[in-house]
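Hi,

Here is the structure I said I would pass on.

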Amino acid sequence: MIIEQAKEVLAIEAAAIESLIPRINGQFTAAVTMILECSGRVIVTGMGKSGHIGRKIAATFASTGTPAYFLHPAEGIHGDLGMVTPNDIVLALSNSGETAEVVSIFPAIKRIGASIIVMCGCEDSTMGKNADIFLDTAVEREACPLGLAPTASAIATLAMGDALAIALLSERKFTPEDFAVFHPGGSLGRKLLLTVENVMHAGEDNPVVTLDKTVKEALFVITGKGLGATNVVDQQGHLVGIITDGDIRRGLEHGHEFLDKKVDNIMTKNPRTITANKLAAQALSVMEKNHPRPITVLPVVDENNKTIGIIHLTDLLRQGVV
């Protein structure tokens with residue numbers, strides 16, 4: 001019985017969403033156009049469960065390029081309507097279209113001069129009749145067996161809100177980079193906003209030896225900087241190679257005499273590099289490329305191939321890029 005009832009709930013709610021598809025019509029297009037042309041914000045309002053859905057819709061709008069916030073209608077009639085300007089659009093949610101708290105703020109909204117989009121299940125309702133644009137979210141029945149708890153109607157409203165948000169996102173040509181700007185704390189934000197310059201070791205922290213130095217001197221630099229590698233440069237500061245502690249360990253297997261040789265005897269010539277303006281995620285991609293093997297350190301160079309820093313895999317791990 002439990003499993004069957006749960007399946008029935010999902011089937012009813014799925015059918016409620018599917019029933020919205022034929023209702024994506026000229027009114028929906030008009031709503032998208034109105035919001036795109038809006039110089040203010042979209043103010044979402046609703047009471048009870050519609051209010052909870054409204055908060056989510058407002059959050060989705062805001063994170064996908066449409067400035068929006070939620071206005072509680074009960075707070076609205078006690079002063080919060082001062083947030084609304086003539087340049088705004090009010091998106092009002094209600095299943096019945098007769099929610100008293102929402103209906104009560106309509107006269108003030110109209111006096112302020114903001115446009116009204118109503119999303120509800122009855123166009124002939126008070127809210128529907130006073131809408132500039134009406135979006136039909138009526139459902140055949142609720143998933144609640146009592147027909148009381150907002151279930152299918154709430155899901156239908158949420159889905160219509162998502163449809164609006166994504167249509168707007170598409171029309172605005174909203175990019176992953178735009179999304180990242182609004183989500184700097186998330187993993188996507190770190191991957192799309194963090195640059196090599198933000199994480200590289202530069203200046204005094206950049207391990208560097210010149211071609212005239214010995215392997216032993218390079219080892220001292222590697223040990224001192226603690227990054228497991230050092231850049232090798234010519235007299236003009238151009239990057240010509242890199243030496244890692246792994247290179248030195250492999251050399252020691254054949255005796256310690258090689259420590260007195262010049263660094264060009266052991267360095268990896270023409271190593272993989274990256275510039276400071278590239279994304280940190282691109283540095284990770286370069287490190288992971290298997291030619292001939294993945295690496296853990298990556299020299300950072302300028303447009304003239306002069307070394308300006310180095311980046312280590314652990315830097316990317318700490319920043320959550322990996």
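Below are a helix pair and a few loop residues.

This is a predicted model, so local features need pLDDT of at least 70 and side-chain atom pairs count only at pLDDT 80 or more, while totals for chains, interfaces and linings use all residues. Residues are numbered from 1 along each chain as its sequence is written, and side-chain values use heavy atoms, with hydrogens and water left out.

Start with helix 2 (residues 26-36) and helix 8 (residues 152-171), which pack at about 55° with their axes 10 Å apart. Helices here are DSSP runs of H or I, at least four residues, and strands are runs of E, at least two. Phe-28, Ala-31, Val-32, Ile-35 and Leu-36 of helix 2 make the contact (heavy atoms within 4.5 Å) with Met-160, Ala-163, Leu-164, Ala-167, Leu-168 and Glu-171 of helix 8.

Next, Thr-99 sits in the loop between strand 3 (89-94) and helix 5 (100-103). Beyond its neighbours within four places in sequence, Thr-99 touches Met-47, Ser-94 and Met-127.

Asn-270 is in the loop between strands 10 (268-269) and 11 (274-275), and is exposed at 71% relative accessibility. Asn-305, between strands 12 (297-301) and 13 (307-312), is partly exposed at 33%. Buried means under 20% relative accessible area, exposed over 50%, and partly exposed in between (1.4 Å probe, protein chains only).

Cheers

Key. Axes fitted to C-alpha atoms, helices over the stretch in contact; angles between N-to-C directions.
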